[in-house]
Amino acid sequence: SPLYSARFDTDGVLYRQSVCTNQEIETIRKEVVQTMKHLTTERSSIAQNRLGGTLSRDSESVRILEEGSIRSVLDRFVGGNCVMHLSQDIPVEVRVYSRAGASMAWHQDDVLYDPPQVEVVFTV
């Protein structure tokens, strides 16, 4: 939509709700619940009091990011003219901000690739 595109053009942010199918949401929810049992306190981040962990490259949630509804939304947004793939260097992360004082200040990520990367923040 023009509103989303304008926000992306000015702020570099695209916000969408209800992107996944019910089956995709349930798959992601189950994997996140399992991953949350093994989270650790992150120390190498600008975030404060955040817990984090990673999903296995062969998880169903990662497959959904690569091939499912989230990928379809990104393809539509960029016009399908951009080759996108998940980084082999940076894993898909689960992050939890439930501790008192947990936060991350507004920031802009460093550009790591050419063309620049797209970061997807998916809230469960």
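Figure 1. R71 and D75 both belong to helix α4, four residues apart, about one turn of the helix. Helices here are DSSP runs of H or I with at least four residues, strands are DSSP runs of E with at least two, and both are numbered from the N terminus. An α-helix has 3.6 residues a turn, so residues three or four places apart point the same way. R71 forms a salt bridge with D75, with the closest N and O atoms 3.0 Å apart. The term salt bridge denotes a side-chain nitrogen of Lys or Arg within 4 Å of a carboxyl oxygen of Asp or Glu. D75 counts as partly exposed because its relative accessibility is 26%. Buried means under 20% relative accessible area, exposed means over 50%, and partly exposed lies in between (1.4 Å probe, protein chains only). This is a predicted model, in which local features need pLDDT of at least 70 and side-chain atom pairs count only at pLDDT 80 or more, while totals for chains, interfaces and linings use all residues. Residues are numbered from 1 along each chain as its sequence is written, and side-chain values use heavy atoms, with hydrogens and water left out.

**Figure 2. Further salt bridges.** Side chains of opposite charge can pair when their charged atoms come close. A search of the whole structure finds seven salt bridges. In one of them, the side chains of E42 and R50 meet at 2.3 Å, N to O. R50 has 3% relative accessibility and therefore counts as buried. Another salt bridge joins the side chains of R57 and E66 at 3.1 Å, N to O. R57 is partly exposed at 37% relative accessibility, and E66 is partly exposed at 28%.

**Figure 3. The buried face of helix α3.** Helix α3 spans residues 60-67, and its buried residues are S61, V62, I64 and L65. Seen down the axis of α3, these residues fall within an arc of 155 degrees, so they line one face of the helix. The arc is that of the directions from the helix axis to the C-beta atoms. The cover over the buried residues of α3 includes α2 and α4 (69-78). Contact means heavy atoms within 4.5 Å.

**Figure 4. The open sheet.** Three strands form an open sheet in the order β1-β2-β3, with antiparallel pairing. The edge strands, β1 (40-41) and β3 (93-96), each pair on one side only. Two strands pair if DSSP finds at least two bridges between them. Two bridges join β1 to the antiparallel strand β2 (residues 51-54). T41 stands opposite L51 in β2.

Figure 5. I25, V118, V120, F122 and V124 make a nonpolar surface patch of about 410 Å². Patches are made of residues with over 30% relative accessible area and no salt bridge; like charges are joined within 9 Å, and nonpolar side chains (Val, Leu, Ile, Met, Phe, Trp, Tyr) within 5 Å. Accessible areas come from the Shrake-Rupley method with a 1.4 Å probe, and for residues only the protein chains shown count as cover. I25 lies in helix α2 (residues 22-36), and its relative accessibility of 36% makes I25 partly exposed.
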